[in-house]
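This briefing covers the side-chain packing of one protein chain. Have the sequence and the structure open while reading.

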Amino acid sequence: MSPTEIAAIVPLPGTLARAAVVTPLAGEAALARVVASLAGAAQHIVVSSADALIDDARECLAAHGLSAEDVVAGGDTRMRCVAAGLEYLVGQPIPPRYVLIHDVRRPLASAGLRDRVIEGLRTGGTAVLPALPVTDSVKTVDEHGAITATVDREALRTMQYPRGFTLDRLAQLVARCSSEDFDELAESLDAGAGLTLVDGDADAFAAELPRDTDYVEAIIACRR
């Protein structure tokens, strides 16, 4: 699949803490890590940012030699950020065929995970999401905190990023969304759209920065 067929949107809504964007992890900011993980697979990587974060996003990317990346004004909500990023891509001379949506809070998502999502699109998926089996014991509890049942974890999955869509499918999901808290998975399920799942990655967890900085840096050191 040619990179000219693929683009990516990294939404930075106003609800996102500045630390989630600029906190350095082994010398490389979280946003820069996410953008770098998409590079080489996407022709356009659009960082669609709330006004409060847009200067930080531009400065962060420039500091890591990524100043050529497209940073556009999105809005305070995730819905507006995704919609602005999509509008930017649709307006390109040659719009992409596929769009990845990534989450800046998952700075260690690997290139291999990205490639599995892209392969799912290449083989016919219109909405492709990475997922991991749940390995911990899961219980239901009552209002007093007492365990009432064990949930069968064989049927459970945790959903990850990046998530891939055909341009048309993503446009449909954005158009039908009535909530500012846009979630492409929830919209896909509500629309009855078919989903393709690919194997997730244990490193593609959501990190809360700066709280998880030491933990994330320890994983980076181990991978080296």
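The model is predicted. Histidine 102 sits in the loop between strand S6 (98–101) and helix H5 (111–122).

**Histidine 102**
- Histidine 102 has a relative accessibility of 2%, and it is therefore buried, as the cut-off for that is under 20%.
- Leaving aside residues up to four places away in sequence, histidine 102 touches Ile9, Val10, Pro11, Val34, Ser37, Leu38, Ala109, Tyr161 and Pro162.

**Nonpolar cores**
- The largest nonpolar core contains 32 residues, and those with the most contacts inside it are Val10, Leu12, Leu31, Val47 and Leu100.
- Two or more residues of this core come from each of strand S1 (6–12), helix H1 (18–22), helix H2 (30–38), strand S4 (44–49), helix H3 (51–63), S6 and H5.
- Among the residues that valine 10 touches are Leu31, Val34, Val47 and His102, again not counting residues up to four places away in sequence.
- A second, separate core has 19 residues, including Ile9, Val82, Leu86 and Ile101.

**Aromatic rings**
- One aromatic pair is found in a search of the whole structure.
- The pair is phenylalanine 205 and tyrosine 215; it is tilted because the ring planes are at 50°, with the centres 5.4 Å apart.
- Phenylalanine 205 is in the loop between strand S12 (196–199) and helix H8 (213–223), while tyrosine 215 is in helix H8, so the pair ties together parts ten residues apart in sequence.
- Phenylalanine 205 is buried, at 19% relative accessible area.
- Arginine 163 lies over the face of tyrosine 161, 4.0 Å from the ring centre.

Methods: Residues are numbered from 1 along each chain as its sequence is written. This is a predicted model: local features need pLDDT of at least 70, side-chain atom pairs count only at pLDDT 80 or more; totals for chains, interfaces and linings use all residues. Side-chain values use heavy atoms; hydrogens and water are left out. Rings of Phe, Tyr and Trp (its six-membered ring) pair if their centres lie within 6.5 Å; planes under 30 degrees apart count as stacked, over 60 as edge-to-face and the rest as tilted. Helices (H or I, at least four residues) and strands (E, at least two) are DSSP runs, numbered from the N terminus. Buried means under 20% relative accessible area, exposed over 50%, partly exposed in between (1.4 Å probe, protein chains only). A charge sits over a ring if NZ of Lys or CZ of Arg is within 6 Å of the ring centre and within 35 degrees of the ring normal. Contact means heavy atoms within 4.5 Å. A nonpolar core is a set of buried Ala, Val, Leu, Ile, Met, Phe, Trp, Tyr and Cys residues joined through side-chain atoms within 4.5 Å.
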